[in-house]
Amino acid sequence: VNGEAVVETVEPRMTLVDFLRETLGLTGSHVGCEHGVCGACTVRLDGVIVRGCLTLAAQCDGARVETIEGISDTGDIADLQEAFRRRNALQCGFCTPAMLLTAQELLAQGGVPSRDAIREHLAGNYCRCTGYQAIVDAIESVAQARAKG
Amino acid sequence: MVEIGAITRHVTLERSSDIAKHAPLIALAIPHIAHPAIRNRGTIGGSLAYADPAAELPACLVALDGAIDIAGPQGKRSVRAEQFFKGLFETALGTGDVLTAVRFPAATADLRVGFAELARRHGELRHGGTGGRRKGWRQDLERRAAGLFRRRLKLQRVRATQEAALAGGSVDDAVKALDLDPTSDIQATADVKRHLAGVLLRRVASSSLGTYEHVLTSPSR
C-alpha cells in the first residue's frame with residue numbers, strides 16, 4: 001500500500017476501502033454509497049482505478065494499492081490539485097480524492113480530451129457541491145498545460 | 001467464431017482491436033457499461049451470469065445469437081443466449097455450474113450493427129436499450145435480430161411482426177409493431193418507456209443503415 005509492504009489478516013468480507021480506512025488509518029478514501037455508484041472510494045489497484053467498496057481486501061493479496069495519500073506524496077498530481085484549488089473545483093471535499101484519481105487516469109492517456117470526454121470519464125463520480133463545471137474546467141486546464149509541456 | 005473467456009475484463013474488450021474488428025456490437029456496447037473504475041474490474045462472465053436485464057452484454061449476446069459455455073457437475077454444456085436468460089437475475093445456471101466462455105459468430109463484411117440506450121447519467125442502468133444487428137444492405141436484409149430490454153423486466157427479442165417491418169425497410173412500421181408491456185416505476189411511466197423504446201429503435205435502425213465505419217465511430221458517447 002503506497003509502496004509499503006502490509007501484512008494483515010482480514011475478515012473475508014472486509015472491503016478494500018474499509019481496510020484502508022479502519023485498519024491502516026488512510027482516511028483519504030471516502031465511503032459514500034457503499035455499492036459502486038458514488039465513486040468516493042476510488043483507489044488504484046495494480047495501476048488502475050477501482051471501486052474500493054466493491055473490491056474485497058482479501059482480493060488484494062499480493063497487489064499494489066495506491067491511495068490519495070500516496071499519490072499526493074509522489075507529486076504526480078500536484079498540478080491537478082492546484083488547478084482544483086484555483087478553480088474552486090471542490091467545496092466540502094468529500095468527492096475530491098476520488099475525483100483527482102479518476103481525472104488523473106484520463107489525463108494519463110495523453111492529449112487534451114474534449115469537455116464531453118472529461119464529463120463522461122467522471123460520470124462515475126458524484127459531486128453534490130460544485131455542479132461539475134469547475135471540475136471540468138480544472139481538468140481541462142491541466143490537460144492543456146501538460147500538453148504544452 | 002469469436003470466443004471470449006468468462007473472466008475477460010470489460011476494459012480488455014474495450015481496447016481490443018480484435019473485438020473492434022470481429023465483434024463490433026460488443027465494441028459499441030462496452031463504453032456504456034458503468035464507469036472506468038468498474039470496467040477495470042468487471043468481467044463479461046460476471047455480467048452475463050448476473051443477468052440484470054438493464055445490463056448491456058446480455059442483450060448483445062441475444063442479438064448476436066451467441067452461446068454460453070457452462071461447466072458443471074454433469075460436465076460441460078453450451079446454452080443458446082436466448083435460452084440462457086430466463087428472467088430477472090435468472091439464468092440457466094444451476095447449482096455448481098460455472099460460466100466459462102461465450103461464443104458468437106464473427107462479424108462479416110455485410111454485417112451492420114447499432115447500439116443505443118437511455119440512462120439518467122452515462123453508465124447508469126438504463127430505462128431501455130436496444131442492440132441490433134442486420135446482415136445485408138437495405139432491402140436485401142437477410143436477418144434482423146434485436147435484443148430489446150428494459151429495466152427490471154425480462155430481456156426480450158423483438159417480435160416477428162417487427163422483424164418483418166424492418167425487413168420491409170420501414171422503421172415507422174417497426175416502431176408501431178413494438179409489442180412491449182413495461183411496468184411503471186419511480187423513474188418513468190410505462191407510456192414513457194414505450195415511447196423511449198421507439199426512440200431507441202429509430203436510433204439503432206438509422207445507425208445500422210450507415211456504413212460500417214460510420215457505425216463504429218458513432219457510439220452515443
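The lining of the second largest pocket divides into 13 nonpolar residues, one polar and three charged, where Ala, Val, Leu, Ile, Met, Phe, Trp, Tyr, Cys and Pro count as nonpolar, Asp, Glu, Lys and Arg as charged, and the others, Gly among them, as polar. The model is predicted, with local features needing pLDDT of at least 70 and side-chain atom pairs pLDDT 80 or more, while totals for chains, interfaces and linings use all residues. Residues are numbered from 1 along each chain as its sequence is written, chains are lettered from A in the order in which they are written, and side-chain values use heavy atoms, without hydrogens and water.

A pocket is an open set of points on a 1 Å grid over the protein atoms alone, where a 1.4 Å probe fits, with protein on both sides within 12 Å along at least five of seven lines, and lining residues have an atom within 4 Å of a point. This pocket holds about 300 Å³ of space, and of its 17 lining residues the closest to the centre are A:V6, A:F19, A:A57, A:C60 and A:D61.

Between the chains, the values are as follows.

| Item | Value |
|---|---|
| Residues of chain A in contact with chain B (heavy atoms within 4.5 Å) | 17 residues |
| Residues of chain B in contact with chain A | 10 residues |

Chain A and chain B bury about 1200 Å² between them, 50% of it on carbon and sulfur atoms, buried area being the accessible area (1.4 Å probe) that two parts lose on being put together, summed over both. A:R51, A:E120 and A:A123 supply 40% of the area that chain A buries against chain B, more than any other three residues.

Methods. Grid points are joined across faces, edges and corners, and a volume is the space filled by probe spheres set on the points.
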